Each structure stands twice: as C-alpha cells, then as structure tokens.
Amino acid sequence: MRRKIYGRSISNALTLVVATPCFFFLASCGQNAETDEGRAAATEPNSPTSAPETEAIETPSFASLPAPYNEADYRNGKSKFNQCIACHAIADGKNGLGPHLYGVADRKAGSLPNFSYSDALKASGIAWDNKSLDHWIENPMKFISGTKMNYAGLRNVDDRRDLIAYILVSTATQ
Ligand code: HEC
C-alpha cells in the first residue's frame with residue numbers, strides 16, 4: 001500500500017518537476033516574443049516623429065550644427081569634456097586654471113579681460129571656431145607653441161568631433 005502511494009506521489013512529483021520548467025520556459029518564451037513584437041510595433045511607426053522629441057528632452061540637439069558635428073555623439077562628447085573640466089567651466093565668468101568657455105565660439109583667442117593668458121595665445125591672432133578648436137584640442141602645444149594650457153591633446157578624430165559639438169552646444173550664449 002505504502003509503496004504504491006509513494007510510487008504514485010513520486011511519479012506525480014516527477015511529472016511536476018519535469019513539467020514545471022517546460023511550462024516556465026514556454027511561458028517566458030511566449031512572453032518575450034510578445035514583448036519584442038509589442039516593442040517593435042510600438043516604436044517603429046512612431047519613430048520618425050517621437051524619437052527626436054525624446055532625444056531633445058534628454059540631450060541638446062546637434063541638428064543645427066554644421067557637418068560633421070550634427071552627427072556627433074552627445075554622451076561621448078560630454079564624457080570627453082571631463083578631460084577639460086578640471087580647468088574649464090562652461091558657466092559665464094568663472095575662470096579656473098583655464099579661462100571659462102562660455103561663448104567660446106567666435107571668441108578671439110586670449111581675449112577675456114579677467115584671465116591672465118600666455119603671450120603666445122594672445123598674439124596668435126586666431127578666433128575659436130570648429131576648425132581652430134579641432135587643431136587646438138588635437139595638440140595645443142603644437143598648434144600654439146608657448147601656450148600655458150597643459151593638456152596633451154585628444155588624437156581621435158571622432159572624439160574631437162563629439163567634444164567640439166558638446167562644447168558648441170553647451171557654451172552657446174543663447
Ligand atoms: C590643466 C588645465 C587645462 C586643461 C586640462 C585644459 N585646459 Fe584649456 N586652457 C588652459 C589654460 C591655462 C588656458 C590658457 C592658455 C594660454 O593662455 O596659453 C587654456 C585655454 C583654452 C582655450 C582658449 C580660450 C580663450 O579664451 O582663448 C580653449 C578653447 C580651451 N582651453 C579648451 C580646452 C578644452 C576643450 C580642453 C579639454 C579637451 C582643455 N582646454 C583642457 C588650461 C587647461
């Protein structure tokens with residue numbers, strides 16, 4: 001008697017043990033497929049209109065910048081700016097080891113009245129735009145020998161594109 005009961009309950013238990021993972025597997029498989037489809041269906045038809053809007057809220061848009069900066073990666077640009085942030089503030093009027101960068105686009109190099117620049121930078125005669133910033137960030141000491149900006153340079157061209165786009169957007173005066 002006992003054996004029989006045991007035998008039955010063991011085999012019942014086995015059925016459960018064997019069946020349960022299958023059930024979960026199937027259930028979760030079915031769910032995933034559903035969610036993926038659901039997601040694709042929810043995003044695809046709307047993406048041309050809704051995706052840029054979401055991005056605009058989360059990150060400033062680079063769309064108004066000239067190529068190739070309109071295709072820059074905001075996150076990477078922001079993260080590369082961490083290499084500058086020890087010396088440069090973006091906010092107006094706050095100089096650190098380096099001059100603040102608020103409104104740096106079109107600024108004549110070395111022209112802030114309240115920062116003590118090197119003679120080399122003041123005499124360079126350049127204005128900051130995409131091109132000059134690119135040369136400067138790539139290798140400041142090579143671009144303006146005698147500068148006192150103690151920064152080795154960012155050699156990767158895509159990193160410079162992303163960083164410059166970030167600077168242009170974040171330091172714009174309006
Ligand atoms: C160790 C400090 C330091 C770091 C790091 C640094 N800078 Fe500078 N930066 C300076 C100093 C100092 C000057 C002034 C140079 C001179 O007078 O020769 C300067 C000048 C500049 C200028 C010229 C501003 C003007 O008013 O003419 C720009 C643009 C600039 N830096 C951008 C950057 C960027 C972008 C980075 C990061 C990739 C960076 N700097 C990293 C210290 C730094």
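Modeller: Start with the elements: helices (H or I, at least four residues) and strands (E, at least two) are DSSP runs, numbered from the N terminus. By that rule, Asp106 lies in the loop between α3 and α4. The model is predicted: local features need pLDDT of at least 70, side-chain atom pairs count only at pLDDT 80 or more, and totals for chains, interfaces and linings use all residues. Residues are numbered from 1 along each chain as its sequence is written.

Biologist: How many helices and strands does the protein chain have?

Modeller: It has seven helices and zero strands. From the N terminus on, the order is α-α-α-α-α-α-α.

Biologist: Back to Asp106. Is Asp106 buried or exposed?

Modeller: First, the rule. A residue is buried if 20 or more other C-beta atoms lie within 10 Å of its own, exposed if 12 or fewer, and partly exposed in between; C-beta atoms are placed from the backbone. Asp106 has 9 other C-beta atoms within 10 Å, so it is exposed. In the protein chain, buried residues make up 18% of the 174 residues.

Biologist: What should I look for in the backbone angles?

Modeller: Most residues other than glycine have a negative phi, and most peptide bonds are trans. Asp106 has a positive phi, near 80°, and is not glycine. Another case is the cis peptide bond that joins Ala67 and Pro68, with omega about 0°. Pro68 lies in the loop between α2 (47–58) and α3.

Biologist: Which residues does Trp128 touch?

Modeller: Contact means that the C-beta atoms of two residues, placed from the backbone, lie within 7 Å. Not counting residues up to four places away in sequence, Trp128 touches Val104, Ala105, Asp106, Arg107, Ala109 and Leu133. Trp128 sits in the loop between α4 and α5. It is buried, because 20 other C-beta atoms lie within 10 Å.

Biologist: And where is Thr147 found?

Modeller: Thr147 is in the loop between α6 (140–143) and α7 (157–170). Thr147 is buried too, because it has 20 other C-beta atoms within 10 Å. Leaving aside neighbours within four places in sequence, its contacts are Ser118, Ala120, Leu121, Pro140 and Met141. Across the protein chain, take the contacts with a separation of 6 or more: 48% are between residues 24 or more positions apart.

Biologist: How do I check a helix such as α7?

Modeller: Compare its length with the expected span, 1.5 Å times one less than its number of residues. The 14 residues of α7 should span 20 Å, and its end C-alpha atoms are 20 Å apart, which agrees.

Biologist: Why is α7 called largely enclosed?

Modeller: Because 10 of its 14 residues are buried. Among them are Arg160, Arg161, Asp162 and Tyr166. What covers the buried residues of α7 includes α3 (74–80) and α5.

Biologist: Which residues of α5 are buried?

Modeller: An α-helix has 3.6 residues a turn, so residues three or four places apart point the same way. In α5 the buried residues are Leu133, Trp136 and Ile137. Seen down the axis, they fall within an arc of 90° (the arc of the directions from the helix axis to the C-beta atoms), so they line one face of the helix. Their cover includes α6 and α7.

Biologist: What makes up the largest nonpolar core?

Modeller: A nonpolar core is a set of buried Ala, Val, Leu, Ile, Met, Phe, Trp, Tyr and Cys residues joined through C-beta atoms within 7 Å. The largest one has 20 residues; Tyr69, Leu163, Ile164, Ala165, Ile167 and Leu168 have the most contacts inside it. The elements giving two or more residues to this core are α5 and α7. The largest share, seven residues, comes from α7. Leu168 touches Leu65, Tyr69 and Ala105, not counting residues up to four places away in sequence.

Biologist: How many residues surround the ligand?

Modeller: A residue counts as near a molecule if its C-beta atom, placed from the backbone, lies within 6 Å of it. Here 28 residues surround the ligand, and the closest are Cys84, Cys87, Gly98, Tyr117 and Ser118. The elements that give two or more residues to this shell are α4 (119–122) and α5 (130–138).

Biologist: How does the shell divide by residue type?

Modeller: Ala, Val, Leu, Ile, Met, Phe, Trp, Tyr, Cys and Pro count as nonpolar, Asp, Glu, Lys and Arg as charged, and the others, Gly among them, as polar. The shell holds 19 nonpolar, seven polar and two charged residues.
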